[in-house]
Amino acid sequence: MDNRYLENVLDELKPFLDENSFTNTENGFANNTKAVNVAYDDARQMFTLSVADIDEEGGVGEFREINAWLFDDSQTQKDATAVGIDFTNSLRKELGIKRIRSANANIELPTAKSGSGTITGFTKKMLDVFPPLKAEYKNHIAVYGNFLYLNFYGEYLVPYLKKIFLTGTSKQIKKFVDILREAYVKGDRETVNAVIAVLCAASYNDAPVAESIKNAISEDKHMLASYENFMPIFIKNKKLRAALIK
């Protein structure tokens with residue numbers, strides 16, 4: 001893979017770097033205290049973010065990786081933008097800078113107009129099923145300025161899935177699975193992948209939840225096969241697990 005999306009990652013980082021007095025260097029960017037390097041690792045198929053401390057004499061210490069995103073040929077400019085947003089958040093934490101949240105009242109929730117077959121439509125349904133997530137959605141947008149849906153699902157939706165599949169009544173589980181099946185059957189590729197991924201995340205290293213999920217979706221042989229076939233991939237994909245398991 002070439003580095004055609006590296007500029008998109010850097011475009012997202014640039015405002016933060018400018019605000020904190022970073023300038024271009026041979027190895028990336030630096031201010032008085034930190035050096036920053038953003039690169040694409042072909043062998044690992046990952047964008048990496050590394051930082052090094054700069055001492056009082058201007059000496060640059062050893063770079064250490066603080067974030068990495070799996071990024072292969074199947075991903076797009078939109079995904080590169082998400083990488084830049086997450087890298088910016090990592091740098092903010094590294095520098096100890098707290099982001100001021102925008103007023104949540106001005107942040108709109110997903111609407112039905114978005115279409116049920118999209119990530120936005122699926123998110124709306126999940127917020128309707130789990131109303132407490134509406135506030136968390138607004139907080140997420142306020143902090144990141146964009147919707148990083150895998151990170152949001154991992155932090156807030158997956159714990160609800162674990163709970164409902166473990167302690168929900170048969171009726172509650174069936175009602176919820178019907179919503180997931182609709183998204184799986186009618187959703188676009190991104191939505192279908194997200195549905196299967198959150199099911200895998202909810203049942204990762206949790207046999208009772210895994211058994212409950214398989215029983216609940218057993219009538220849909222295609223969905224069950226997708227879940228079972230994707231689980232080994234999910235287990236091996238460290239970046240996906242990091243996003244969806246908090």
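1. Start where two helices meet. In this contact, Lys-162, Phe-165 and Leu-166 of H5 touch Pro-208, Val-209, Ser-212, Ile-213 and Ala-216 of H8. Sorted by class, the residues are six nonpolar, one polar and one charged. The two axes approach within 9 Å and cross at roughly 75 degrees. H5 and H8 are therefore roughly perpendicular to each other. Keep in mind throughout that this is a predicted model.

2. Now the whole protein. The chain has 246 residues, and 46% of them are buried. Its secondary structure comprises 10 helices and five strands. The accessible surface is about 13300 Å², and carbon and sulfur atoms account for 50% of that. Contacts also tell us about the fold. Take those between residues at least 6 apart in sequence: 58% of them join residues at least 24 apart.

3. Back to H8, which covers residues 207-216. Which residues of H8 are buried? They are Val-209, Ala-210, Ser-212 and Ile-213. Viewed down the helix axis, these buried residues fall within an arc of 165 degrees, so they line one face of H8. The other side of H8 has Ala-207, Pro-208 and Asn-215, which are exposed. An α-helix has 3.6 residues a turn, so residues three or four places apart point the same way.

4. What does the buried side of H8 pack against? Its partners are H5 (149-167), H6, H7 and H9 (221-236). Point 1 gave the details for H5, where the residues in contact include Val-209, Ser-212 and Ile-213 of H8.

5. Look next at Ser-203. This residue belongs to helix H7, which spans residues 189-203. Is Ser-203 buried or exposed? Ser-203 is buried, because its relative accessibility is 4% and the cut-off is under 20%. Leaving out neighbours within four places in sequence, Ser-203 contacts Val-209, Ala-210, Ile-213, Tyr-227 and Met-231. Val-209, Ala-210 and Ile-213 are among the buried residues of H8.

6. Between H7 and H8 there is a loop, and Asn-205 lies in it. Asn-205 has a relative accessibility of 71% and counts as exposed. Check its backbone too. Phi of Asn-205 is near 55 degrees, a positive value in a residue that is not glycine. For context, most residues other than glycine have a negative phi.

7. Where does Gln-45 lie? Gln-45 is in the loop between strand E3 (34-41) and strand E4 (46-53). With a relative accessible area of 34%, Gln-45 is partly exposed.

8. Move along into strand E4 to find Leu-49. Leu-49 is buried, and its relative accessible area is 0%. Residues up to four places away in sequence are not counted in what follows. Leu-49 touches Val-36, Asn-37, Val-38, Arg-64, Glu-65, Ile-66, Asn-67, Phe-87, Ser-90 and Leu-91. Take Asn-67 from that list. Leu-49 and Asn-67 are 18 residues apart along the chain, yet their C-alpha atoms are separated by 5.2 Å.

9. How do H3 (residues 119-129) and H6 cross? Their axes come within 11 Å and cross at roughly 175 degrees. That makes H3 roughly antiparallel to H6, since the angle is over 145 degrees. On the H3 side, the contact uses Phe-122, Lys-125, Met-126 and Val-129. On the H6 side, the residues are Phe-176, Ile-179, Leu-180, Glu-182 and Ala-183. By class, there are seven nonpolar, no polar and two charged residues.

10. Finish with Ser-170, which lies in H6 (residues 170-186). Ser-170 counts as exposed, with 66% relative accessibility. Ser-212, by contrast, is one of the buried residues of H8.

Definitions and conventions: Residues numbered from 1 in each chain as written. Predicted model: local features only at pLDDT ≥ 70, side-chain atom pairs only at ≥ 80, totals over all residues. Heavy atoms only, no water. Helix = DSSP H or I, 4+ residues; strand = E, 2+ residues; numbered from the N terminus. Buried < 20%, exposed > 50% of the residue type's maximum accessible area, 1.4 Å probe, protein only. Contact = heavy atoms within 4.5 Å. Axes fitted to C-alpha atoms, helices over the stretch in contact; angles between N-to-C directions. Parallel < 35°, antiparallel > 145°, perpendicular 65-115°, else oblique. Nonpolar A, V, L, I, M, F, W, Y, C, P; charged D, E, K, R; others polar. Areas by Shrake-Rupley, 256 points an atom, 1.4 Å probe, with all protein chains shown as cover. Arc of directions from axis to C-beta.
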